[in-house]
Structures are given as C-alpha cells and as structure tokens.
Amino acid sequence: MTRFVVVPGALALLPSYGGIEDPVADLRAAALAAVRWLGGAPRVVASAQGGRVAAALVSEVPEAASDGVLVVANGSAKRTEKAPGHLDERALAFDDALRSALLAGDLSHLDQDLALELWADVDSLVWLGQEVDLDPATVQVDYDDDPYGVQYWVVRMEGVWR
Amino acid sequence: MTLRLGRHSFADDATLMMAIVNRTPDSFYDQGATWAEDKAFERVALVVEQGAEMVDIGGIKAAPGAEIGAAEEKDRVVDFVARVRESYPGLVISVDTWRAEVGSAACSAGADVLNDAWGGADPELVDVAAEHGAAIICTHTGGATPRTRPYRVEYRDVVRSAIDDTVAYAERALAAGVAKESIVIDPAHDFGKNTFHSLELTRRLGEMVATGWPVLVSLSNKDFVGETLGLPVGERLTGTLAATAVCALAGARIYRVHEVVETRQTVDMVWSIAGRRPPRRAIRGLQ
C-alpha cells in the first residue's frame with residue numbers, strides 16, 4: 001500500500017507570507033504531521049501554485065526516502081459572504097459531497113465544472129481517483145474546517161496503484 | 001547592531017518606544033502633570049501597559065528656567081528610579097541628565113541608560129556610564145550650553161555637524177569603556193537648531209543611520225513640528241507621527257515619545273513597509 005495525503009493549497013502556508021502570528025497554525029500543524037507520516041520526500045500532485053505550498057511543507061520535515069504522494073486540493077472558496085469568492089449557495093452541498101467522497105475513498109464522480117464555478121481545487125483528486133484504488137478503512141481526517149470561507153482538509157489514506 | 005541597554009538586550013531589528021516621564025513642575029508638554037511622585041509612577045504604569053520598552057525619567061525641563069542644582073535633581077530622580085526598578089524589573093530605565101553626579105546616583109538606583117540630551121556638557125558622564133555598565137545616548141546640540149534656546153545658530157551643514165559631533169561623542173564613550181552595543185546617537189531635534197535644521201535632519205536621517213550607530217529620535221510635540229504646521233502644543237500629534245514615519249523609514253531604532261500607542265503603530269507600520277517587520281497577521285488573499 002502506498003500512503004497518500006491531501007492538504008489545501010492555502011498560500012498562507014508559505015513562509016514568504018508569514019506574519020508575527022500564524023493565521024493557519026492548526027492547519028499548518030496538521031499538514032506538517034501528515035507530511036511527516038508520508039516519509040519526507042513524497043511525490044507531489046498539484047497545480048503550479050499548489051506545488052509551491054507542497055514544496056514548502058516538505059521542506060519543513062526531515063528528508064527521507066518515501067514512496068508517498070502529497071496531493072494538494074481543497075473545497076470551495078465560496079462558502080460564506082466573507083469568503084474570497086463570496087457566498088455561493090451551492091458551496092456547502094458541494095463540499096459535503098466532496099467530504100463524503102474522500103471518506104469513502106471514492107473520487108470517481110467529482111463534478112469538475114461545478115468545482116471550477118465554486119473555486120474548488122479538485123483536479124489532483126480527480127487524478128487520484130483515476131490512478132489509485134483507495135482503501136476507505138485507512139482514511140483518517142486530521143483537519144476539516146473553513147476558517148476563512150475556504151474548505152480545507154488534511155486527510156491521510158492508503159491505496160494501491162491501478 | 002544588537003542593543004544592550006544596561007540589563008536589557010534587544011535584537012538588531014527591534015524598535016523601541018522610550019516614554020517620557022517628567023519629574024518636573026514645568027515641562028512644556030505636560031505642565032507638571034507628573035510632578036508628584038505618585039503621578040509620575042502612574043505615568044510609568046500607563047506607558048508600560050501601553051507597551052513602552054523604556055522610560056526616560058527627567059528631573060529638569062530642557063528650556064531655561066529656575067536653576068536646579070545637582071542635589072535637587074537627585075532628589076527628584078534617584079529614589080523614583082529605585083521605585084520603578086523594583087516594580088518593573090523588565091523595563092529599561094533611562095535618566096535624562098547631563099550631570100555625571102546625578103547619572104552615577106541614578107545608575108546605582110537601577111538606571112540602565114544615561115540620556116545626555118545636552119551632548120556631553122559634563123565630560124565625566126561617559127565614565128559614569130562605563131563604570132556602571134550603562135548605555136549612553138550621545139546627542140548633538142551644536143555646542144549649546146544646557147538649558148539654553150538656540151539664538152541665530154547656523155551650520156554650514158547641520159547633518160554633517162550632527163554626524164561629526166555624535167560620532168565623536170560615541171567614540172569618546174567607547175574609549176572611556178562604554179560597550180559598543182550600548183552607545184546610541186541622537187540628532188536632537190530643536191536642540192541648538194531652528195525649525196529648518198530639524199526638518200533637514202529629519203529628511204536626511206538616513207545619513208545618521210548609515211554611520212552604523214543606532215539612532216534615537218526625539219520628535220514628540222516639539223517646536224519644529226508646531227512651527228511647521230502652525231500649531232500649539234497639544235495639537236502636534238499628527239505632525240509628530242509624520243516626522244516619526246520619515247525617521248522610521250530611514251531606520252531610527254529608538255523613539256522618545258509622549259504618545260506610546262500612536263507612535264508604536266506608526267513605527268510598526270513603517271517598519272513593515274520597509275520590509276523589516278512582518279505583518280501582525282496576514283490572511284487576505286492567502287486563504
């Protein structure tokens with residue numbers, strides 16, 4: 001079995017955007033713990049921008065041989081009136097469905113068109129669903145919150161390559 | 001450069017608020033509001049709560065007035081320093097005096113810094129600082145006698161004069177045994193200067209910072225602000241903060257102030273604009 005971790009592409013995780021206080025301290029702690037569980041030098045599946053977030057997280061953990069995969073993805077950025085994309089009434093249901101899909105280890109039916117409209121970043125999850133048979137018994141949710149109107153998850157799971 | 005102010009050390013990117021505490025019946029800004037010792041102590045408690053890292057305790061107003069001898073100055077300052085030292089061990093205590101005798105007694109009572117606003121009028125002050133391991137503020141007055149107002153003073157280049165005199169004073173302090181990281185220079189706005197001089201010193205403060213010695217500025221509600229804006233004491237805060245912003249951008253490290261909260265916000269904002277301080281908490285656009 002191969003280990004997989006999902007983290008969000010929140011730019012606040014980048015050291016170059018660090019403040020005196022960390023607005024995503026809990027998210028950062030969960031993401032770093034999960035990346036450590038991956039083993040140190042994972043393969044990264046992400047957009048170019050998400051890849052920078054992944055690289056920053058990986059650089060924070062001890063380097064080690066790893067066949068784990070770090071997947072950068074998140075839910076909608078239109079969950080509240082204060083959210084970056086303002087409120088879209090469809091966002092909560094979309095994220096609920098996405099959460100259920102993650103928990104079931106079944107990412108084969110994600111609506112990429114709706115994701116685009118809701119500012120959700122799911123392309124890497126679609127790839128994961130196509131390439132890997134995930135074992136739902138291994139799914140562990142370390143973080144599940146939307147402190148700034150964007151749905152973040154940190155999830156660990158295991159699966160086998162198709 | 002790392003700052004060591006008596007018992008206290010600060011990182012080389014730290015800025016410090018030095019709150020003015022007058023033990024005088026007649027200082028220009030507060031008109032004796034903290035003349036009574038308990039009132040002065042309340043002022044210390046307030047500025048500590050507001051986040052001041054330092055207090056600057058003075059027993060004689062800068063302007064001309066009734067002569068105050070060393071004994072009277074010590075009566076006003078020394079026991080008060082001891083009381084503040086005991087109550088606030090983490091606070092940097094500066095004493096605003098030009099007299100070695102007063103500085104020595106103040107250091108024995110717990111002062112960390114000697115703020116020589118009159119630019120070395122008493123040559124033994126550096127020896128006192130060295131003996132007590134205290135820091136010293138080396139100011140520029142153009143050779144003015146303590147407690148005199150400038151009268152038809154002119155400079156070929158006021159910034160050159162300020163740099164030459166304060167650096168010479170700093171080197172004299174160093175030679176006397178004051179630690180290098182405990183020496184600060186101050187162009188001393190308004191002291192031995194007209195408003196045009198103080199404006200030029202503000203505009204060219206970066207040249208003083210470039211000497212490498214940490215720079216203190218004392219701008220708060222001064223006449224150069226009042227004359228520039230045509231405003232009396234009590235209405236000079238905005239002008240003070242504008243001058244503060246310019247000095248912060250240039251890299252001044254210590255700010256001698258009446259208004260701690262407003263000055264701290266101004267300096268933090270400018271320090272961040274200059275890229276020397278991260279924002280407090282940034283999430284906008286980064287979610």
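## Helix 1 of chain B

In this predicted model, helix 1 of chain B has a buried set of residues: A40(B), R43(B), V44(B) and V47(B). Seen down the helix axis, these buried residues fall within an arc of 100°, so they line one face of helix 1. An α-helix has 3.6 residues a turn, so residues three or four places apart point the same way. On the other side of helix 1 of chain B, D38(B) and E49(B) are exposed.

What do the buried residues of helix 1 of chain B pack against? Their partners are strand 3 (16-22), strand 4 (54-58), helix 2 (70-87) and helix 10 (260-273) of chain B. Helix 1 itself covers residues 37-49, which is 13 residues. From first C-alpha to last, helix 1 of chain B reaches 18 Å, close to the 18 Å expected at 1.5 Å a residue. G51(B) follows helix 1, and the phi of G51(B) is positive, near 105°.

## Strand 7 of chain B: covered on both faces

Strand 7 of chain B spans residues 135-139. Of its 5 residues, 5 are buried, so strand 7 is largely enclosed by the rest of the structure. In a regular strand the side chains alternate between the two faces of the sheet. Here, A135(B), I137(B) and T139(B) lie on one side of strand 7 of chain B. I136(B) and C138(B) lie on the other. Both faces are covered.

## The neighbours of strand 7

Strand 7 of chain B pairs with strand 6 (residues 113-116) of chain B. The two are parallel, with 4 bridges. In this pairing, D116(B) has C138(B) as its bridge partner. Between strand 6 and strand 7 of chain B, the chain passes through helix 4 (residues 125-132), and this β-α-β crossover is right-handed.

Strand 7 of chain B is also joined to strand 8 (residues 183-186) of chain B. This pairing is parallel, with 4 bridges. I137(B) stands opposite V184(B) of strand 8.

## Two nonpolar cores

Which residues touch the most other members of the largest nonpolar core? They are A19(B), V55(B), V81(B), A106(B), A129(B) and I136(B), in a core of 79 residues. Leaving aside residues up to four places away in sequence, I136(B) touches L114(B), D116(B), V126(B), A129(B), A173(B), V178(B), S182(B) and I183(B). There is a second, separate core of 49 residues, and L70(A), A73(A), L110(A) and Y152(A) are among them.

## Strand 1 of chain A

In chain A, strand 1 (residues 2-7) is joined to two strands. With strand 5 (residues 152-161) of chain A, strand 1 runs antiparallel over 5 bridges. T2(A) stands opposite G159(A) there. With strand 3 (residues 69-72) of chain A, strand 1 runs parallel over 4 bridges. V6(A) stands opposite V71(A) in that strand.

## Two loop residues with positive phi

R152(B) has a positive phi, near 55°, and is a residue other than glycine. R152(B) sits in the loop between strand 7 and helix 5 of chain B. Is R152(B) buried or exposed? R152(B) counts as exposed, because it has 5 C-beta neighbours inside 10 Å.

A188(B), also a residue other than glycine, has a positive phi near 60°. A188(B) lies in the loop between strand 8 and helix 6 (195-203) of chain B. With 28 C-beta neighbours inside 10 Å, A188(B) counts as buried.

Technical notes:
Residues are numbered from 1 along each chain as its sequence is written. Chains are lettered from A and ligands numbered from 1 in the order in which they are written. This is a predicted model: local features need pLDDT of at least 70, side-chain atom pairs count only at pLDDT 80 or more; totals for chains, interfaces and linings use all residues. The expected span of a helix is 1.5 Å times one less than its number of residues. A residue is buried if 20 or more other C-beta atoms lie within 10 Å of its own, exposed if 12 or fewer, and partly exposed in between; C-beta atoms are placed from the backbone. The arc is that of the directions from the helix axis to the C-beta atoms. Two residues are in contact if their C-beta atoms, placed from the backbone, lie within 7 Å. Two strands pair if DSSP finds at least two bridges between them. A crossover is right-handed if, with the strands pointing away from the viewer, the path from the first strand over the helix to the second runs clockwise. A nonpolar core is a set of buried Ala, Val, Leu, Ile, Met, Phe, Trp, Tyr and Cys residues joined through C-beta atoms within 7 Å.
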